[in-house]
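This report describes a ligand shell and a helix packing.

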Amino acid sequence: MKRRGFLLATGAALAAPAILTAQTVQRVIVIGGGSAGMTAAARLIDAGVDVVLLEASDVLGGRMARDTTLADFPIDLGAEWIHNDPEVLGDILGLGWTLTDVETIVYRPQTYQFYDGGRLRNRNLLRFTYAETKFLDTTWYGFFERFVMEKIAPSVRLNTGVDWIEHSADGVRVRTTTGDVLEADRVIVATPISALQSGRIKIASGFEDWKSEALSEVGFGQGLKVFLKFREQFYPDILVEGSVWEQTDDSWDSKLYYNAAFGKDTSDNVLGLFNVAQGALPWSQLSADHLVQSVLEELDAIYDGAPRALFESAVTKLWSQEPNIGGSYSMDNNSDYDIEEILAPINGRIFFAGEALGGDAQSTVQGAAYSGVDAVERILG
Ligand SMILES: Cc1cc2nc3c(=O)[nH]c(=O)nc-3n(C[C@H](O)[C@H](O)[C@H](O)COP(=O)(O)OP(=O)(O)OC[C@H]3O[C@@H](n4cnc5c(N)ncnc54)[C@H](O)[C@@H]3O)c2cc1C
């Protein structure tokens, strides 16, 4: 291969030479700076590979995002729960299944209310069956900020979306939305599947029609989160509309109000709303202000006007309206193919990663991270 490095169309060299441990693969482009892309980039750097991570937006993190303005503790605007034991954090960092010094809490809500048929009922039995893990005083974004972002920083280019990928026997070429063309030995596409479904990223060859059709049958849900700060707490740890039984079905759809300050070291009263759906989610298309008013109206009906009287301020994240995400996460695959077949590596040049390839941990941060590691292992052999 004619190795010109990561050359801009202008011919400017972008990457300093590295001490190479992976002799056959010297340069890799990673597209997307979420959990999958950042983890892949970090592992490649550890292996001595030159990496350029291209991120379309102006921040890293993807569906991990943090707010520090609403309360005196940081709030996860996207991924929030650690859907596993705390040792998974060590595993994400490549340390094996081990505890890190990141403090976590057992998230075992104690009080549940169900609003069903115009009546509010206390049903606390779920406290015996449901528990997960959460961060004590950081967020998923904060975790990656502390352990990963600094390491990969020299390789990252923000505000650099990719819209075209082509490959040949010599390597890969990637075109950015700013018109630059970058070359490398391999590329890892670590964007949400929505980027391929919508055609925002096109692959010149090897991503045949059957793959596009099959990928269009993989659900990419709608999603939003809202956090409201109140002067007093009038709500339980968990509030849901509908009956207890409706919560035990295995649908991806979920609408859940929860005490976001649960277990945190704070006296702030913050109520969260997590709302995702595989189909239409009308609230996901509202403006932020309209969304907050709709939420307050709904809560006022349940708690007899107390919410509006006690309301101080709110933050929202409308994931469906994020231009580079366009929804929540992958859901049911209704195609005839496994996602691993649809997003199989192309010609040993183009590799895919992201939460949709998370296997048993699909749609989670750790599933995304593991898919990034998997792509790197395939590349490095
Ligand atoms: C509301 C919500 C709540 C969630 N809650 C949890 C939870 O509690 N626990 C949990 O584990 N998981 C949760 N998740 C899921 C979790 O956030 C995701 O599974 C995970 O963060 C996805 O990581 P990723 O790297 O696959 O993709 P992303 O984080 O989406 O990263 C992909 C990146 O690619 C960039 N990109 C897109 N297109 C382009 C392009 N053309 N060129 C360059 N860059 C591009 C995007 O800007 C983005 O930064 C939640 C998700 C949402 C939306």
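## Ligand shell and helix packing

The shell around the ligand draws at least three residues from each of domain 1 (27-61 + 145-218 + 333-380) and domain 2 (104-134 + 222-321), with bounds that come from an automatic or database domain assignment. This is a predicted model, in which local features need pLDDT of at least 70 and side-chain atom pairs count only at pLDDT 80 or more, while totals for chains, interfaces and linings use all residues. Residues are numbered from 1 along each chain as its sequence is written.

The centres of domain 1 and domain 2, taken over C-alpha atoms, are separated by 33 Å. Around the ligand there are 41 residues, of which Gly32, Gly34, Gly62, Arg63 and Glu355 come nearest; a residue counts as near if its C-beta atom, placed from the backbone, lies within 6 Å. Helix H1 (35-46), strand E16 (222-230) and helix H9 (365-380) each supply at least two residues of this shell, and H1 gives the most, with three residues.

H1 also packs on helix H3 (residues 140-152), at an angle of about 55° and with the axes 9 Å apart. That makes H1 oblique to H3. The contact (C-beta atoms, placed from the backbone, within 7 Å) involves Ser35, Met38, Thr39, Ala41, Ala42 and Ile45 of H1, and Phe144, Val148, Lys151 and Ile152 of H3.

Note on methods: Helix = DSSP H or I, 4+ residues; strand = E, 2+ residues; numbered from the N terminus. Axes fitted to C-alpha atoms, helices over the stretch in contact; angles between N-to-C directions. Parallel < 35°, antiparallel > 145°, perpendicular 65-115°, else oblique. Contact = placed C-beta atoms within 7 Å.
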